[in-house]
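Please open the structure in a viewer and keep the selection panel at hand.

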Amino acid sequence: MTAVLTVTDLSIRFGGLLAVEAMSFEVRDGEVLSLIGPNGAGKTSAFNAITGYVEPAGGRIAYLGTSLIGRTPNAIAELGVVRTFQKTSVFTGLTVFDNVMIGLHLRSRQKPIAILLGLPSVAREERELEHAARQTLQVLGLEARAEQAASALPYGELRLLEVAVALAAKPKLLLLDEPVSGMNPAETASFMKMLARIRGLGITVLLVEHDMKMVMGVSDRVICLNQGRIIASGAPAEIQRNPEVIKAYLGERYVRAHG
Amino acid sequence: MRLATYAWLAFLLSVPLWMTDLYVLHVLIITGIFMIAAMSLNLLLGYTGQLSLGHVAFFGIGAYTSSLVSLGFEVHVLPNTMVSLAAKPVWLGMLCGIVMAGLCGWVIGRISFKVRGAYFVIVTVSFAEVIRLVALNWVELTQGPMALNNIPYLRLGVPGAFEISFLRKPANYYLVLVVGIVCYVLIRRLVQSRAGRAMIALRENEPLATSVGVDVTRFLVLATVVSAAMAGAAGAIYAHYVRIVDPDVFLFIYTVTMVIMVVTGGKGTLAGPIVGGVMFGLLPEILRAAQIKPEVQWVIYGVLMILVVYFLPQGIVPAVRNWWNGRQTASDPPARGRAAAEPAT
Amino acid sequence: MDQLLQHALNALILGGTYALLGIGLTLIFGIMRVVNFTHGELYAFGAYMMYMWVMVLGANFYLALPLAVLLGVVLGGIIEIVLLRRLRGADIDTTMLVMIGAWIAMQNSEQFVWSGVAKSIDTPFPSSPLVLGAVSVSWNRLFVFVVALALIAGSYAMINRTKLGKAMRATFQDRETAALMGVKIDTIHTATFAIGSGLAAAAGALLGPVFVVYPTMGDLASLKAFAIVILGGLGSIPGATIGGFILAFMEELGAGYVSSGYRDAMGFLLIIAILLIKPTGLFAQKERIG
């Protein structure tokens with residue numbers, strides 16, 4: 001299995017605080033890899049560094065051989081690496097359909113001059129984009145909501161919309177930041193099915209999540225972080241039994257993971 | 001809907017044929033010029049969400065550049081070196097005005113990437129003030145407060161065959177109308193395209209926009225350049241209509257006028273600046289007819305703006321639209337093309 | 001050399017009042033994040049109040065001064081309560097637009113009441129200047145300098161030694177935590193805007209008698225205040241103070257050695273340069289852009 005994302009000795013600093021320390025891991029082609037760990041363990045910081053929102057203090061990040069460090073988030077998205085955000089992040093003032101249309105930004109290359117001149121190619125590409133938007137909404141089961149304002153969506157569907165927007169950008173590596181947080185068990189179960197569909201499209205997924213049932217259910221591999229460091233990595237079953245992991249989590253989450 | 005638009009257009013085209021009061025025509029021309037400037041500001045302030053308060057700089061740069069090119073000038077850039085330009089035809093001057101304004105827009109656009117929010121507001125205001133002070137003090141080039149006068153009027157045509165001269169009001173009215181329509185169409189094409197969606201995305205949620213590949217700098221610069229070039233065009237038309245230009249054209253109060261038009265009309269909507277332009281183009285005249293002093297007029301505008309911001313925060317056009325539709329949407333959604341909806345499978 | 005000394009002295013004196021403008025705005029802009037376009041109008045208000053009390057109502061000059069400042073504080077408080085309170089939490093464009101509306105209304109009201117003719121204010125000081133060797137300074141300006149310094153020191157003491165100042169600093173650092181710890185954010189905002197406006201009014205009341213009073217005098221003052229705040233860094237009183245003096249020096253030297261017409265441009269060029277090179281200013285207490 002080839003590694004598509006290689007993180008080596010990554011360190012991230014906030015003021016005096018070392019959020020992530022010498023973290024190294026790789027994400028393999030086609031797999032679903034989950035990052036778990038208590039709050040503040042550095043998971044979202046790692047996401048932010050990989051996708052260009054935060055500059056690491058040290059280390060290397062390479063995607064398919066190309067270094068990601070120093071690139072803007074949009075350049076990284078162009079390479080095929082797209083992320084979602086931990087706090088619900090959509091274009092609230094726009095409709096569901098328009099949200100996805102923005103997600104499709106990279107799929108067309110209309111030049112400003114062509115746009116201003118109103119060339120027929122522009123109209124043609126717009127129609128293609130609209131078609132693609134509808135398809136994306138279908139994959140996520142949101143086509144009925146297309147014309148509604150994003151702000152009118154119930155929470156579960158809002159989170160689906162976030163994934164729809166990210167998927168529209170045609171990622172090869174998708175980073176999902178706590179996608180099912182706040183969802184009820186039924187919503188989580190249907191999300192897991194959708195994740196399987198995303199996998200089927202050949203997309204590699206790097207997941208940050210707290211919901212252990214989901215993590216154990218979808219992941220090929222799991223990496224556990226604590227206080228900015230990796231403390232364990234391996235198949236889900238191994239991780240569940242790992243004493244370091246249990247120690248890091250202590251209590252409630254352990255109980256939840258066991259049913 | 002189309003029928004209404006054509007009817008409107010026909011009406012607007014017919015105005016100079018029956019409007020004999022030249023003063024009214026003058027008001028319409030000036031209102032139209034401001035409307036074009038307001039539309040251009042709307043692209044930056046409304047659609048892209050950039051708090052640019054130096055817009056009058058682009059207007060004035062368009063006016064001065066066009067005037068200077070069509071008048072010709074001679075300046076000492078160094079004690080012994082002179083740069084001079086012979087007078088050029090007005091249409092060339094106008095083009096230079098548009099290009100120059102667009103260029104300055106490019107500079108501001110690039111700066112705006114580094115400096116955001118409130119600081120950007122201050123930079124843009126400062127920029128406009130510096131330009132005004134330059135226009136005031138570089139007397140050799142701009143005549144300073146003595147103003148550039150006898151600016152030639154626009155002449156278009158095929159030499160020897162025919163010529164249209166834009167000296168009189170009806171001709172200028174049509175010029176403003178045509179340019180206004182062109183600008184409207186250009187802006188509409190832009191905002192209803194991928195580029196427009198990118199600008200709106202940057203305004204609504206920048207981190208999310210960049211996560212799906214929207215290049216912040218590229219679209220901020222695009223918005224600023226188009227916006228500035230259009231404002232420059234408005235300035236150039238203004239210069240060759242009133243045919244006298246002085247540094248007062250850079251006064252902050254004109255930026256404020258444009259801002260008021262955009263905000264009360266509805267920022268981020270295509271119709272907003274037009275409604276705002278009509279309101280604040282005609283309001284001064286109505287108030288003047290009622291014998292109200294200019295200071296009081298401005299107090300009224302100030303209060304009006306505050307009231308609109310409080311009670312109709314999105315402006316008049318969205319408020320009317322919501323009332324019509326009975327629902328809550330903000331600025332224009334990035335509209336789509338004319339593709340028919342796919343049947344659900 | 002004498003010229004230079006004279007310019008430096010003028011700059012020192014001008015800088016004091018600029019510092020007042022800057023401190024007022026850095027408090028408002030820093031704590032409330034409001035792009036306060038009315039700051040210059042409070043400056044003009046202070047000057048007009050001096051005019052009204054001294055020239056129209058015949059009051060004593062030394063009494064009129066604190067009165068003008070006090071009225072500025074009150075006006076600032078009123079503006080905050082009436083206009084800004086309900087905009088708490090609105091985005092920055094909205095508050096900015098309201099401030100622009102208020103600025104237009106205020107300036108034109110002033111024009112309506114006092115007319116556009118420039119007014120001068122009589123002072124109790126001897127008209128012949130004090131000569132100190134090669135340089136000379138008018139008694140009026142000397143008075144201005146002394147009072148400005150006193151007010152700067154007072155602001156510094158207020159922010160660092162009083163409970164109110166502590167609460168203001170807390171709100172600046174971290175609003176949510178301050179609120180959780182019992183700081184009444186509403187009161188702090190009103191106090192900040194009132195004090196900041198009072199300082200602007202003080203600057204106007206001091207400079208009004210030195211120059212002349214006219215309705216648009218606030219415009220440049222507003223912009224220079226922003227330059228000073230950006231130069232000195234948001235929320236920093238020492239920064240605003242030093243920034244005020246730096247601006248004054250640049251203006252004086254620019255006017256003396258380059259061209260007096262471009263004097264006012266100094267501030268703006270400074271803003272543009274600083275924001276491009278070091279957007280956080282010289283003494284920023286908190287790293288933040290926009």
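This is a predicted model: local features need pLDDT of at least 70, side-chain atom pairs count only at pLDDT 80 or more; totals for chains, interfaces and linings use all residues.

Select the contact between the two chains: chain B contributes 36 residues and chain C contributes 35 residues. On the side of chain B that touches chain C, the elements giving two or more residues are α4 (90–114), α5 (117–137), α11 (252–265) and α13 (294–311) of chain B. Which of these elements gives the most to that side? It is α5(B), with 15 residues. Colour this side of chain B by residue class, and it divides into 27 nonpolar, four polar and five charged residues.

Next, select chain A alone. Its secondary structure consists of eleven helices and ten strands. The radius of gyration of chain A is 19 Å, close to the 18 Å that the globule rule gives for 259 residues, so the chain is as compact as a globular protein of that length. Along the principal axes, the C-alpha atoms of chain A fill a box of roughly 65 × 40 × 35 Å. Of its 259 residues, 45% count as buried.

Within chain A, now select the strands β6, β7, β8, β3, β9 and β10. In that order, these six strands form an open sheet with mixed pairing. The edges of the sheet are β6 (81–83) and β10 (229–234) of chain A, each of which pairs on one side only. On average, neighbouring strands of this sheet are turned by 15 degrees against each other, direction ignored.

Zoom in on one pair of strands. Strand β9 (residues 221–226) of chain A pairs with β10(A) in the antiparallel sense, over five bridges. Here Asn226(A) stands opposite Arg229(A), which belongs to β10(A).

Finally, colour chain C by pLDDT. Its average is 85, and 96% of the residues score at least 70. Which elements of chain C have the lowest and the highest mean pLDDT? The lowest, 78, belongs to helix α11 (residues 265–277) of chain C, and the highest, 93, to helix α3 (residues 61–84) of chain C. Select residues 285–290 of chain C as well, where pLDDT stays under 50. For the complex, the predictor gives an ipTM of 0.89 and a pTM of 0.86.

Definitions and conventions. Residues are numbered from 1 along each chain as its sequence is written. Chains are lettered from A and ligands numbered from 1 in the order in which they are written. Two strands pair if DSSP finds at least two bridges between them. Helices (H or I, at least four residues) and strands (E, at least two) are DSSP runs, numbered from the N terminus. Axes are lines fitted to C-alpha atoms, for helices over the stretch in contact, and angles run from 0 to 180 degrees between N-to-C directions. Two residues are in contact if their C-beta atoms, placed from the backbone, lie within 7 Å. Ala, Val, Leu, Ile, Met, Phe, Trp, Tyr, Cys and Pro count as nonpolar, Asp, Glu, Lys and Arg as charged, and the others, Gly among them, as polar. The radius of gyration is taken over C-alpha atoms; the globule rule is 2.2 Å times the number of residues to the power 0.38. A residue is buried if 20 or more other C-beta atoms lie within 10 Å of its own, exposed if 12 or fewer, and partly exposed in between; C-beta atoms are placed from the backbone. pLDDT is the predictor's confidence in each residue, from 0 to 100.
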